[in-house]
Amino acid sequence: MSNTNNATNQIGLEKADMSEVIAQLNKLLSTYHVFYLNVRGYHWNVKGEHFFTLHPKFEELYTSLQLQIDEIAERILTLGGTPLHAYSDFAQHTSISEDKNVKDGTSCVKGVLTGLQALIAEQRQVSSLAAESDDQGTADLVDEYVQEQEKLVWMYNAFLG
């Protein structure tokens, strides 16, 4: 079935309403990419007494982020947008900074917490905007991420004591 109404996208949502949702999802996608790279760096470079605990936890986290990145990009496409895909775009639109050359386990965990908290805050904004636009699919997607990431915040904070 083709979409004959030029005012709506392929899933029946108003294109005008979706432009801001798509823009916010692209910002979120950018933050995810920078956070993903930070976590890869933590995984590769962590040293010290907690190496055997943190190294696999960081791998678990970046693997999850990789899947979420793909889901966010596919949601942007579903809404009729184009996902950002250049590092220069990610750097311009992210809400977090690169975290270079971090090796100490505690510093790595603090970086994870900073990234997770930024993602949660952005996703809450995306969810609110999506709900206002009757975009339940996007709201549900990011709400699920928030729930998972809130638990991770608790767990990584517990690690820090």
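Glu98 is exposed, with a relative accessible area of 59%. Its salt-bridge partner is Lys100, with the closest N and O atoms 3.9 Å apart; Lys100 also counts as exposed, at 61% relative accessibility. The model is predicted, and its protein chain has five helices and zero strands.

**Overall build**
- From the N terminus on, the elements of the protein chain follow the order α-α-α-α-α.
- The C-alpha trace of the protein chain spans about 60 × 30 × 25 Å along its principal axes.
- The protein chain has 161 residues, of which 44% are buried.

**Helix H4 and what follows**
- Helix H4 covers residues 105-132, which makes 28 residues.
- At 1.5 Å a residue, helix H4 should span 40 Å, and the 41 Å between its end C-alpha atoms agrees with that.
- After H4 comes Asp134, which has a positive phi, near 60 degrees.

**Salt bridges**
- Four salt bridges are present in the structure, among them the Glu98 and Lys100 pair described above.
- Arg124 pairs with Glu150 in a salt bridge whose closest N and O atoms are 2.5 Å apart.
- This pair links distant parts of the chain, since Arg124 belongs to helix H4 and Glu150 to helix H5, 26 residues apart.
- Arg124 is partly exposed, with a relative accessible area of 47%, and Glu150 is partly exposed as well, at 36% relative accessibility.
- Within helix H2, Lys57 and Glu60 sit three residues apart, about one turn of the helix, and their side chains meet in a salt bridge at 3.1 Å, N to O.
- Lys57 is partly exposed because its relative accessible area, 31%, falls between the cut-offs of 20% and 50%.
- Glu60 is likewise partly exposed, with a relative accessible area of 48%.

**Negative surface patch**
- Asp70, Glu71, Glu74, Asp140, Asp143, Glu144 and Glu148 form a negative surface patch.
- Two elements, helix H2 (51-78) and helix H5 (136-160), each give two or more residues to the negative patch.
- H5 gives the most to the negative patch, with four residues.
- Glu74, one of the patch residues, lies in helix H2.
- The relative accessibility of Glu74 is 43%, so Glu74 counts as partly exposed and passes the cut-off of over 30% that patch residues must meet.

How values were computed. Residues numbered from 1 in each chain as written. Predicted model: local features only at pLDDT ≥ 70, side-chain atom pairs only at ≥ 80, totals over all residues. Heavy atoms only, no water. Patch = residues over 30% accessible without salt bridge, like charges linked within 9 Å, V, L, I, M, F, W, Y side chains within 5 Å. Areas by Shrake-Rupley, 256 points an atom, 1.4 Å probe, with all protein chains shown as cover. Lys, Arg positive; Asp, Glu negative; His and termini not counted. Charge placed at Lys NZ, Arg CZ, Asp CG, Glu CD. Buried < 20%, exposed > 50% of the residue type's maximum accessible area, 1.4 Å probe, protein only. Expected span 1.5 Å × (residues − 1).
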